[in-house]
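Here are my notes on the model, point by point. Please read them with the structure open.

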Amino acid sequence: MLITLEGIDGSGKSTLYRGLEERLADVNPLFTREPGSPYLGEAVRRAIAENNDPLAEAALFVADHAVHLATVVRPALEEGRLVISDRYSDSRFAYQQVSLKGYHENPKQWLTAVHSRWSIVPDITFLLLISPKNALARLGDRGEKEHFEQEEFLEEVQKNYLDRMSENPNRFILVDAELPAETILDFVEKSIRERINKQ
Ligand code: TYD
């Protein structure tokens with residue numbers, strides 16, 4: 001089973017991820033993330049930091065996904081393990097639909113085409129919803145900001161996440177990311193355990 005965690009920067013995904021690592025240790029899931037595949041992770045980080053070509057950046061995110069799938073996700077799923085990924089393909093549909101505006105006539109169509117046939121669709125996606133203003137305030141004291149971390153940009157990203165959710169209502173579970181971290185963790189842990197027990 002493949003579970004993904006999605007949400008804008010500052011939505012608390014990393015805190016949730018760390019909490020799940022502790023809480024679900026008995027299930028022995030494989031915890032992983034995008035970007036960060038074995039040999040492309042560094043190139044993606046560099047593309048984000050340099051911020052000079054959205055198309056190159058988008059292509060690297062896709063390549064990172066392909067390597068992630070081939071080397072990490074697919075082998076673990078074939079072994080029957082639970083895989084939990086901090087960001088996955090919905091991040092591309094949410095972020096690159098904004099960053100590719102003007103670089104591609106129809107970013108959504110391109111993203112759909114580029115993922116079709118080989119990518120694996122998650123079984124469940126938890127979407128952490130928060131106002132971009134509050135999300136950015138949380139990121140406030142983290143030092144230098146990535147180019148994605150702008151209020152208007154994140155407003156659009158979040159809208160794309162919500163569109164994606166309305167197109168895939170059975171896969172998405174919406175989480176109010178303004179709730180206390182412990183409440184969120186309790187809810188997500190319970191939802192995952194229920195799903196595992198139903199299998
Ligand atoms: P990351 O450092 O993992 O940020 P976070 O801790 O918020 O998850 O990811 C870097 C940035 O890359 C983040 O702002 C989201 C963005 N991103 C995309 O634009 N497209 C993608 O496909 C992925 C996986 C991430």
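1. Lys133 is exposed, with a relative accessible area of 52%. Exposed here means over 50% relative accessible area, buried under 20%, and partly exposed in between (1.4 Å probe, protein chains only). Lys133 sits in helix H6, residues 132-139. Helices (H or I, at least four residues) and strands (E, at least two) are DSSP runs, numbered from the N terminus.

2. A word on the basis. This is a predicted model: local features need pLDDT of at least 70, and side-chain atom pairs count only at pLDDT 80 or more, while totals for chains, interfaces and linings use all residues. Residues are numbered from 1 along each chain as its sequence is written, and side-chain values use heavy atoms, with hydrogens and water left out.

3. Look next at helix H3. It has 25 residues (54-78) and should span 36 Å at 1.5 Å a residue; its end C-alpha atoms are 34 Å apart, which agrees. The expected span is 1.5 Å times one less than the number of residues. H3 also bends by about 50 degrees at Leu69. That bend is the angle between axes fitted to the seven residues ending there and the seven starting there.

4. The ends of H3 deserve a check. Asp53 caps the N-terminal end: a side-chain oxygen lies 3.0 Å from the backbone nitrogen of Leu55. Just after H3, Gly80 has a positive phi of about 85 degrees.

5. Which residues of H3 are buried? Among them are Pro54, Phe61, Asp64, His65, His68 and Leu69. The buried residues of H3 pack against strands S1 (2-7), S2 (30-33) and S3 (83-86). They also pack against helices H2 (41-50), H4 (89-99) and H5 (107-115). Contact means heavy atoms within 4.5 Å.

6. Strand S1 has 6 of its 6 residues buried, so it is largely enclosed by the rest of the structure. Leu2, Thr4 and Glu6 point one way from S1, and Ile3, Leu5 and Gly7 the other way. S1 pairs with S3 in the parallel sense over 4 bridges. Thr4 has Ser85 as its bridge partner in S3. S1 also runs parallel to strand S4 (residues 124-129), joined by 5 bridges. There, Gly7 is partnered by Leu128. Two strands pair if DSSP finds at least two bridges between them.

7. The largest nonpolar core has 38 residues; Leu20, Tyr95 and Ile192 have the most contacts inside it. Helix H7 (residues 151-167) gives the most to this core, with 5 residues. A second, separate core of 8 residues includes Leu2, Leu30, Ala76 and Ile120. A nonpolar core is a set of buried Ala, Val, Leu, Ile, Met, Phe, Trp, Tyr and Cys residues joined through side-chain atoms within 4.5 Å. Leaving aside neighbours within four places in sequence, Leu20 has contacts including Leu5, Phe31, Leu185 and Ile192.

8. Some backbone details in loops. A cis peptide bond joins Glu34 and Pro35, with omega about -5 degrees. Pro35 lies in the loop between S2 and H2. Asn51 is not a glycine, yet has a positive phi of about 50 degrees. Asn51 is in the loop between H2 and H3 and is partly exposed, at 42% relative accessibility. Arg117, in the loop between H5 and S4, has a positive phi near 80 degrees. Arg117 counts as exposed at 86% relative accessibility.

Notes
A polar contact is a pair of N or O atoms within 3.5 Å; within protein, one must be able to donate a hydrogen and the other to accept it, and residues adjacent in sequence count only if both atoms are side-chain atoms.
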